[in-house]
Structure formats: structure tokens, C-alpha cells
Amino acid sequence: CCGTAQTENIDEPAFVQAMLEDIATIVSVDPKRVYATGFSNGGMLSYRLGCEMSDTFAAIAPVGGAMTYNPCEPQEPVSVFHVHAMNDADVRYEGGEFPSVEEGLKTWVSINECTDPAQTEVQLDGQLTHTAYASCRNDTAIELYAFKTGGHAWPSLYIWDASQFMWDFFATHPKP
């Protein structure tokens, strides 16, 4: 999205592809279970990887980042697990300097051809709203975990174990 990678026109997807190829020389990599996550700019990068490397990534999980990559024209559907605080002043949930979280999700709902309406439930005594889109192409899914508070930070392990929920989502969303 921004920073050195953008100003110096660094091909981040090519770098990530080279990393994956190098890792595969050391350990066995299941090509149906390659995932990306990141916080803030890293979350924006995970969206870019989903857009540009949909043949590689089964799912992405941006945290506190917006989908700034446009146009997003992936070759294959990719599952999305997004975590964001609604009071994030750096990457605003409702948009501003960056597109809103919901704009990014609507893009992926369209890309993945999700047919059922969103299912929403409030959890953690009203502090968390979970929105899930199912019935998407190739058994992909789109999920949003929106916290009322938390600011521009990874959700605290003591409040909600984002990493465990993310891993559970990844584990149930391999490539077909």
C-alpha cells in the first residue's frame, strides 16, 4: 500500500514467491495450504497477495489493514478472514485515507461469488461483531471480526485469541 515498497516500486509478490520457493527447498509445503496474514501494512500486503497470487494462496487474514490494491482481479477465489477495531484511528474502519473495511469485503464477496446473505452475531458482551459470508465459490468464505475498541493493534490474547481463530479458519479453508 504505502511506504518504502510503494515509493521504490518493489515487487513484493515476486519477493514472496521467491521466499516460498526457497522455503520449499527446506521443508515440505502443501500447495493447498499456503496462507498469508499481516498487520497494518502487512494486512494490506496480504490483500495484494490474494489479488495477485490467488493461484498460490488459499486464504488471507489481514488485521488492521485495508484493501488498497485496485483493481483486484484474482484468477481463483481466496478465503478472507479480516480482523479490525472499529476505533482504529490509523486505518479507519469506515474509510478515509484508505478504503473502508466493508468496501474491501464487498469486493471479495463479489470475487468469490458468495450467494447467501451475511450472517452476523454479536459476541463478547457486545464488544465483537462477527460477520460471515458462506456459499462462496470453491468453498471459500469471507469472515469479519470487528471489535468496538482496540485501536490500531493486534487483538490481545487475553481478550480474544486472534491467532487461534485465524489458524482454525486457515485449517478449514485449503485450496480445492
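**Entry 1**

I began with L124, which lies in the loop between β4 (119–123) and β5 (128–133); helices (H or I, at least four residues) and strands (E, at least two) are DSSP runs, numbered from the N terminus. I note that this is a predicted model, in which local features need pLDDT of at least 70 and side-chain atom pairs count only at pLDDT 80 or more, while totals for chains, interfaces and linings use all residues. Residues are numbered from 1 along each chain as its sequence is written, and side-chain values use heavy atoms, with hydrogens and water left out.

For L124 I looked up phi and found it near 50°, a positive value in a residue other than glycine.

I then turned to S40, in the loop between β1 and α3, which has a positive phi of about 60° although it is not a glycine. S40 counts as buried because its relative accessibility is 15%.

**Entry 1: a cis peptide bond**

Where is P71 found? I located P71 in the loop between β2 and β3, and the peptide bond that joins N70 and P71 is cis, with omega about 5°.

I listed the buried residues of α3 as G43, M44, S46, Y47, R48, L49, G50 and C51. These buried residues pack against α2, β1, β2, β3 (79–85) and α4 (101–111), contact meaning heavy atoms within 4.5 Å.

How do α2 and α3 cross? The axes of helix α2 (residues 12–24) and α3 come within 10 Å and cross at roughly 80°; axes are lines fitted to C-alpha atoms, for helices over the stretch in contact, and angles run from 0 to 180 degrees between N-to-C directions. I therefore recorded α2 and α3 as roughly perpendicular to each other, since angles under 35 degrees count as roughly parallel, over 145 as roughly antiparallel, 65 to 115 as roughly perpendicular and the rest as oblique. On the α2 side the contact is made by E12, P13 and V16, and on the α3 side by L45, R48, L49 and E52. Sorted by class, this contact has four nonpolar, no polar and three charged residues; Ala, Val, Leu, Ile, Met, Phe, Trp, Tyr, Cys and Pro count as nonpolar, Asp, Glu, Lys and Arg as charged, and the others, Gly among them, as polar.

T56 counts as buried because its relative accessibility is 15%, and, leaving out residues up to four places away in sequence, T56 touches Q17, L20, P31, V34 and K175.

**Entry 2: aromatic rings**

I searched the whole structure and found eight aromatic pairs; rings of Phe, Tyr and Trp (its six-membered ring) pair if their centres lie within 6.5 Å, and planes under 30 degrees apart count as stacked, over 60 as edge-to-face and the rest as tilted. Y35 and W167 form an edge-to-face pair, with 6.5 Å centre to centre and 85° between the planes. Because Y35 lies in strand β1 (residues 35–39) and W167 in helix α5 (residues 162–171), the pair ties together parts that are 132 residues apart in sequence. Y35 counts as buried, at 18% relative accessibility. I also noted one aromatic cluster, formed by F81, Y145, F147, W160, F165 and F169.

**Entry 3: buried loop residues**

D88 is found in the loop between β3 and α4 and counts as buried at 1% relative accessibility. What does D88 contact, leaving aside its neighbours within four places in sequence? I found G64, Y93, G151 and H152; D88 and G64 are 24 residues apart along the chain, and their C-alpha atoms are separated by 7.6 Å.

N112, in the loop between α4 and β4, is buried, with a relative accessible area of 0%. Not counting residues up to four places away in sequence, N112 touches P77, V78, S79, C136, R137, T140 and I142.

Terms used: Buried < 20%, exposed > 50% of the residue type's maximum accessible area, 1.4 Å probe, protein only.
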